[in-house]
Amino acid sequence: MTFTLGADAALRKPLQIGALSTENRLFMAPLTRSRADADGTPSALAAEYYAQRAQAGLIISEATAVCEQANGAYMNTPGIYTDRQQDRWADIASAVHRAGGKMFVQLWHVGRMAHPEIGGFEAVAPSPIAADMVTHTPTGKKPLPVPRALTADEIASIVGQFRSAARRAVDAGMDGVEIHSANGYLLHEFLSDVVNQRTDAYGGSPQNRARFAAEVVEAVADEIGAERVGLRISPGNTAGDMSEVDQVSAYEALLCRIKSLHIGYLHIVAEPSSESFAALRTQWEGTLVLNTPRTVDSDIETLENLAKWGVISAAAVGRAFLANPDLVTRLESGAELNEPDVATFYAPGPAGYIDYPTLDELAAAQPA
Ligand SMILES: Cc1cc2nc3c(=O)[nH]c(=O)nc-3n(C[C@H](O)[C@H](O)[C@H](O)COP(=O)(O)O)c2cc1C
């Protein structure tokens with residue numbers, strides 16, 4: 001039985017993020033779909049895919065590279081650093097807006113998750129410590145290489161690339177950007193007290209480990225306006241062989257440094273009962289979006305309760321939106337949900353991408 005969001009549900013209420021008014025507080029979490037062209041231009045089907053999901057209060061796009069070097073972890077992931085890519089993002093923004101939706105582009109640099117056979121560039125990271133993992137390259141599964149430690153000058157240049165990518169996103173008509181500082185990619189790697197072993201201004205103390213992510217937030221906020229900026233963090237998440245002994249201090253330092261900017265929202269991927277969520281929740285007075293890595297049904301009920309009690313401002317859900325373009329309608333009526341098809345998460349083409357049926361389409365397909 002699907003959980004029903006009744007008429008007075010907290011997640012059905014609109015939310016103000018700067019000048020942006022979201023219809024509801026059920027956001028679509030970022031989901032890599034690996035259907036971009038080889039040059040990092042989003043798929044020609046992406047406008048339809050995202051517009052189908054315009055019921056989400058806010059759509060957060062799949063992770064999108066800020067420069068060519070940032071894009072070497074997986075094949076067919078998009079970027080936003082060329083005019084062709086920007087034009088396709090503009091098509092997507094228009095389609096989502098025409099359908100009544102709102103959308104942020106998630107900006108990332110993959111850091112040590114890169115493999116030279118995928119993007120053609122060496123992997124870079126805070127320190128030369130490899131993720132103990134294999135990855136899919138065009139010539140089969142290969143171990144991830146030992147990355148090269150970034151210099152301070154390179155860090156400054158990547159900050160600039162986040163800034164330029166954010167400018168392109170807004171110029172393309174997007175409502176804002178989400179900075180990806182989660183899930184074992186570059187900015188998360190710097191936050192870690194295990195993966196980051198630097199001895200310069202970007203390593204060591206929590207403030208130093210938070211410096212890179214903070215500088216990105218500050219630069220992007222300066223470029224497009226703080227209220228158009230979201231920040232995603234995932235304290236303690238072990239994705240990408242990530243490890244953090246202290247899962248709180250660097251995040252506290254980051255939030256403390258950026259809080260006076262009043263960015264659009266903070267997006268935390270965490271169990272609501274975790275120590276890190278509790279600690280960071282008390283630090284953050286702004287808009288807070290939570291994404292819990294749990295099963296679809298219990299997620300929504302837990303998230304609705306947290307929204308009702310004022311613990312979170314909005315909830316982000318991933319796989320449920322992937323499989324249910326009309327998720328909000330379904331939750332409002334307690335209808336059954338389509339099950340996500342894992343086999344097509346990252347497969348090319350329209351199957352499992354733009355062909356998940358809505359309730360209306362299912363009804364129309366019934367024999368009279
Ligand atoms: C197919 C797939 C792709 C994902 N891609 C991204 C991504 O690009 N960026 C990101 O921050 N998280 C990504 N995630 C994580 C999701 O945003 C989310 O945290 C996770 O799916 C748990 O939420 P859910 O239970 O509502 O699906 C991905 C997850 C899945 C299943």
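Helices and strands here are DSSP runs, numbered from the N terminus. On that numbering, H262 sits in the loop between α7 (249–258) and β12 (265–269). The model is predicted.

**Helix α4**

- Helix α4 has 20 residues. From first C-alpha to last, α4 reaches 29 Å, close to the 28 Å expected at 1.5 Å a residue.
- The buried residues of α4 are I155, I158, V159, F162, A165, A166, A169 and V170. Viewed down the axis of α4, these buried residues fall within an arc of 135°, so they line one face of the helix.
- An α-helix has 3.6 residues a turn, so residues three or four places apart point the same way.
- G173 follows α4 and has a positive phi, near 100°.

**Packing of α4 with α6**

- Two packed helices are described by the angle between their axes and the distance between the axes.
- For α4 (residues 152–171) and α6 (residues 206–224), the angle is about 35° and the axes are 9 Å apart. The crossing of α4 past α6 is right-handed.
- On the α4 side, the contact uses I155, I158, V159, F162, R163, A166, R167 and V170. On the α6 side, it uses F212, E215, V216, A219, V220, D222, E223 and I224.
- By class, this contact of α4 with α6 has eleven nonpolar residues, five charged residues and no polar ones.

**Helix α2**

- Helix α2 has 16 residues. The span of α2 from first C-alpha to last is 22 Å, close to the 22 Å expected at 1.5 Å a residue.
- Buried residues in α2 are Q85, Q86, R88, W89, I92, A93, A95 and V96.
- The cover over the buried residues of α2 includes α1 (46–52), β4, β5 and α4.
- G100 follows α2, with a positive phi near 90°.

**Loop between β4 and α2**

- N71 lies in the loop between β4 and α2. N76 is found in the loop between β4 (59–65) and α2 (83–98).
- N71 has 11% relative accessibility and counts as buried. The cut-off for buried is under 20%.
- Leaving aside neighbours within four places in sequence, N71 is in contact with A65, T77, P78, G79, Y81 and W108.
- N76 is partly exposed, at 33% relative accessibility. N76 is not a glycine, yet its phi is positive, about 60°.

**Loop between β5 and α3**

- A114 lies in the loop between β5 and α3 (116–119). At 3% relative accessibility, A114 counts as buried.
- A114 and A73 are 41 residues apart along the chain, but their C-alpha atoms are separated by 4.0 Å.
- Leaving aside neighbours within four places in sequence, A114 contacts G72, A73, A123, L144 and P145.

- H262 is exposed, with a relative accessible area of 61%. The cut-off for exposed is over 50%.

Key
Residues numbered from 1 in each chain as written. Predicted model: local features only at pLDDT ≥ 70, side-chain atom pairs only at ≥ 80, totals over all residues. Heavy atoms only, no water. Axes fitted to C-alpha atoms, helices over the stretch in contact; angles between N-to-C directions. Helix = DSSP H or I, 4+ residues; strand = E, 2+ residues; numbered from the N terminus. Left-handed = near helix turned anticlockwise from the far one by under 90°. Contact = heavy atoms within 4.5 Å. Nonpolar A, V, L, I, M, F, W, Y, C, P; charged D, E, K, R; others polar. Expected span 1.5 Å × (residues − 1). Buried < 20%, exposed > 50% of the residue type's maximum accessible area, 1.4 Å probe, protein only. Arc of directions from axis to C-beta.
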